[in-house]
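Here are some notes to read alongside the coordinates. Please keep the structure open while you go through them.

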Amino acid sequence: MPFFLFILFFLVYPSSTLVIGSFRDDAGRFTFANILGLRDPFILGAYAVSIRISLFTAVGGAIFGFLMAYAAVRGGLPSFVRTSMMTFCGVASNFAGVPLAFAFIATLGRTGMVTQFLGAIGLNPYDAGFSLYTVWGLSLVYMYFQFPLMALIIAPAIDGLRREWREAAENLGGGFFDYWRQVALPILTPSILGTTILLFGNAFGAYATAYALTGGELSLVTLRIGDQLAGDVGNMSQGLGYAMALGMLVIMAISVAGYTLLMRQSERWLK
Amino acid sequence: MRRGTLWSWLWIGLGVIYFFVPLAATFWFSLQAKLNVLSFQSYVNVLKDPDFAKNFSASVLWAVSAIIVGVLIFVPTAYWVRLRLPRVRPAVEFVTLLPFVVPAIVFVYGLVRTFSRPPLMIINSPLLLVFGYTIMSMPYMYRAVDTGLRAIDVPVLTEAAQSLGAGWPTVMLRVVLPNIRVAVLGGSFLTFAIVMGEYTLATWLVKPAFGPYMYELGQSRAYEPSACAIISFALTWAAMGIMQFVGRGAPGGVQVAAGH
C-alpha cells in the first residue's frame, strides 16, 4: 500500500532517526550522554519556560473558551451568535505563525496602535513594565488561537448536556450550584481536561509564532531546537539536539494519549 | 434582561474584543506607510515587490501539490480500508493522527537530519517539502475524506459500478470521488490555509515560500509586515469561508436516498 510506504518513509523513518540519534555520540557509538545532557540547566530552563507558557495559555484558554462557548450555546442568546462565533473561532484557531506575531507587534508592540493609544491617555503599558517580547506577551499572543480552539471543541460537548438533567436536578430540589457541582461538571470534566491537554500540546509545539515575535530571544525548547538546526549552538553536540527533539516527542505523546483517553471517557455520557 | 443573559453577552463581548482589536489595530497600522496620511501604500509596496510574487506563487504551488498528493494517497487508502479492511481502521486512524504528536520544528528537524546524508540526499528536492506538507495536513485531509466516505454506501456503490463493467480507475474517478467531493474540497481548503502561511518547514528546507518571505519583511520593514498579516488573514478567512459555503450542501445528504 502506497499509504504505508509514504508514512514509513516520511514520518516513521525520520522519527526513528531522532530516537537513534538521541542514543549516539558524535562518533556513532551508543551512549546515554545525550539524554543525561538534557539535565543542563540551560536546556531544563527552556523546557520549564515552554511548559509554563503552555500550561498557562492552556488553562487560561480553556476557561475563557469554555465560558464563551457556554454563553453562545446555552446563554439564551440569539442563534446567530453561535453560528458566527463558530466561524470566527474556526478562523482564529487557524491564524497563527508569522502573521499572528506581526498582528500583535502592530497592536501591542512598542509602537503598536493600542500601545500608542494607551500612551496617549497616559497608560503606556511599557511604562508599567509590560513587554510583548516576554513570556507574558507571548502568552497573550498564544491566547489568540488557544481560546477559540477550546470553544470550537467544547461547544458540541456543551450541546450534549440534556435539558432533562437540569430539570431532574431542579425537581430533586437542587439549585444552580448543585446542578453544576454534581451533574454538569462531572459530565463535562473529561472533555474539558482533554481539550486543555490538547491546548497544552498546541502551545508547546509552537515555533513560528515565538520565533517571529522574539527573534529567538526567549528560551523555549522549540527555539533551542531551531538553534541546533541553524548550527548556532556553541559547544553543544548534535546528539543533544536529537535528545531535545525526542524529549518534545515524549511530552507530546503523553499529552495526546491523555487527550484520547479522556475523550473516550467523555463519550460515556455525551453523544 | 436576565442576569444570565447579561453574563453571556459579557463573555461573548470579551471574545469579540480579543478577536477584532488586534486585527483592527494591524489594519490601521498597515495604513500608516505615508507620513500623516492614511494610504494603502504598504499594500502597493508588497504587491509590487517581485519577491512577493515569487514567494507567494511558490506557496500556492506547494499547497496545491500537497493537496494533489494528499488526495492521491488518502482517498484510495480510506476507500480501501472502508471496503476491504475495516479491521485495520483503528490502526490507520491512529496513524493519521500521529502528525499531531510531532510539532513542526521536531518534524523538520527529523527531515533535515534524515535526508541530508546518504543514503537519501533529497534535502534539496522540493518534493520533500511537498511530502512534508502532505504529512502535516494528513489529520485534516484523511479525516475529511473518511467522514465523506461514511456518508455514502461504499460497498453498494462499488458493486453497482463493477457490475456495470467499471474497472478500479473508473470506480475511483467517476463514482467515489464525485460522491465525496464536498469532503475533499473541505480538506483541501484547510490544507491550503495551513500551507500558505507556513514558516517552519519552508524555512528549514530552504524553499521560497510566503511564510519565510513575511518573516524577512518583518526584519527590514515597518508597515509592510502588517499589510502581509492582513493579506494572510484574508486568505485564511477566504479558505474557511469557501469551506463552509461548499459544506452547506450537507455532505452526503443527497446520497442517503440512493443507499437507504
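The points below start with the two chains and then move to contacts and single residues.

1. First, a reminder that this is a predicted model. Read every number here as something computed from that model.

2. Going along the sequence, you get α-α-α-α-α-α-α-α-α-α-α-α. Its C-alpha atoms fill a box of roughly 75 × 60 × 35 Å along the principal axes. Of its 271 residues, 43% count as buried. If you take the contacts in chain A between residues at least 6 apart in sequence, 76% of them join residues at least 24 apart.

3. Chain B has 13 helices, and here you also find two strands. The box for its C-alpha atoms, again along the principal axes, is roughly 75 × 70 × 30 Å. The buried fraction is 46% of 260 residues. Among the chain B contacts between residues at least 6 apart in sequence, 78% join residues at least 24 apart.

4. The domain assignment gives domain 1 as 1-30 and domain 2 as 43-259. The centres of these two domains of chain B, taken over C-alpha atoms, are 32 Å apart. As for what links them, five residues of domain 1 of chain B are in contact with six residues of domain 2 of chain B. The domain 1 side of that contact has three nonpolar residues, two polar ones and no charged ones.

5. Now the interface between the chains: 58 residues of chain B are in contact with 56 residues of chain A. On the chain B side, the elements that give two or more residues are helix 1 (3-30), helix 3, helix 4 (89-101), helix 5 (104-115), helix 6 (126-150), helix 10 (200-204), helix 11 (210-220) and helix 12 (224-247). Which of them gives the largest share? That is helix 1 of chain B, with 17 residues. By class, the chain B side divides into 38 nonpolar, 17 polar and three charged residues.

6. The axes of helix 1 (residues 2-22) of chain A and helix 5 of chain B come within 8 Å and cross at roughly 85°. An angle from 65 to 115 degrees counts as roughly perpendicular, so that is how helix 1 of chain A and helix 5 of chain B sit to each other. On the chain A side, the residues that meet helix 5 of chain B are A:Y13, A:P14, A:S15, A:T17, A:L18 and A:G21. Their partners in helix 5 of chain B are B:G110, B:L111, B:R113 and B:T114. The contact divides into four nonpolar, five polar and one charged residues.

7. You'll find A:I225 in helix 11 (residues 221-230) of chain A. Is A:I225 buried or exposed? A:I225 is buried, because 23 other C-beta atoms lie within 10 Å, and 20 or more is the cut-off. Leaving aside neighbours within four places in sequence, A:I225 is in contact with A:G241, A:M244 and A:A245, and also with B:I105, B:V106 and B:Y109.

8. The axes of helix 4 of chain B and helix 6 of chain B come within 8 Å and cross at roughly 135°, so the two are oblique to each other. The crossing is left-handed. From helix 4 of chain B come B:T96, B:L97, B:P99 and B:F100. They meet B:I135, B:M136, B:M138, B:P139, B:Y142 and B:R143 in helix 6 of chain B. By class, this contact has eight nonpolar, one polar and one charged residues.

9. Last, B:W62, which is found in helix 3 (residues 50-83) of chain B. B:W62 counts as buried because it has 25 C-beta neighbours inside 10 Å. Not counting residues up to four places away in sequence, B:W62 touches B:L129, B:V130, B:Y133, B:V195 and B:A209. B:Y140 is 78 residues from B:W62 in sequence, and their C-alpha atoms are 17 Å apart in space.

Key: Residues are numbered from 1 along each chain as its sequence is written. Chains are lettered from A and ligands numbered from 1 in the order in which they are written. This is a predicted model: local features need pLDDT of at least 70, side-chain atom pairs count only at pLDDT 80 or more; totals for chains, interfaces and linings use all residues. Helices (H or I, at least four residues) and strands (E, at least two) are DSSP runs, numbered from the N terminus. A residue is buried if 20 or more other C-beta atoms lie within 10 Å of its own, exposed if 12 or fewer, and partly exposed in between; C-beta atoms are placed from the backbone. Two residues are in contact if their C-beta atoms, placed from the backbone, lie within 7 Å. Ala, Val, Leu, Ile, Met, Phe, Trp, Tyr, Cys and Pro count as nonpolar, Asp, Glu, Lys and Arg as charged, and the others, Gly among them, as polar. Domain bounds come from an automatic or database domain assignment. Axes are lines fitted to C-alpha atoms, for helices over the stretch in contact, and angles run from 0 to 180 degrees between N-to-C directions. Angles under 35 degrees count as roughly parallel, over 145 as roughly antiparallel, 65 to 115 as roughly perpendicular and the rest as oblique. A crossing is left-handed if the near helix is turned anticlockwise from the far one by less than a right angle, and right-handed if clockwise.
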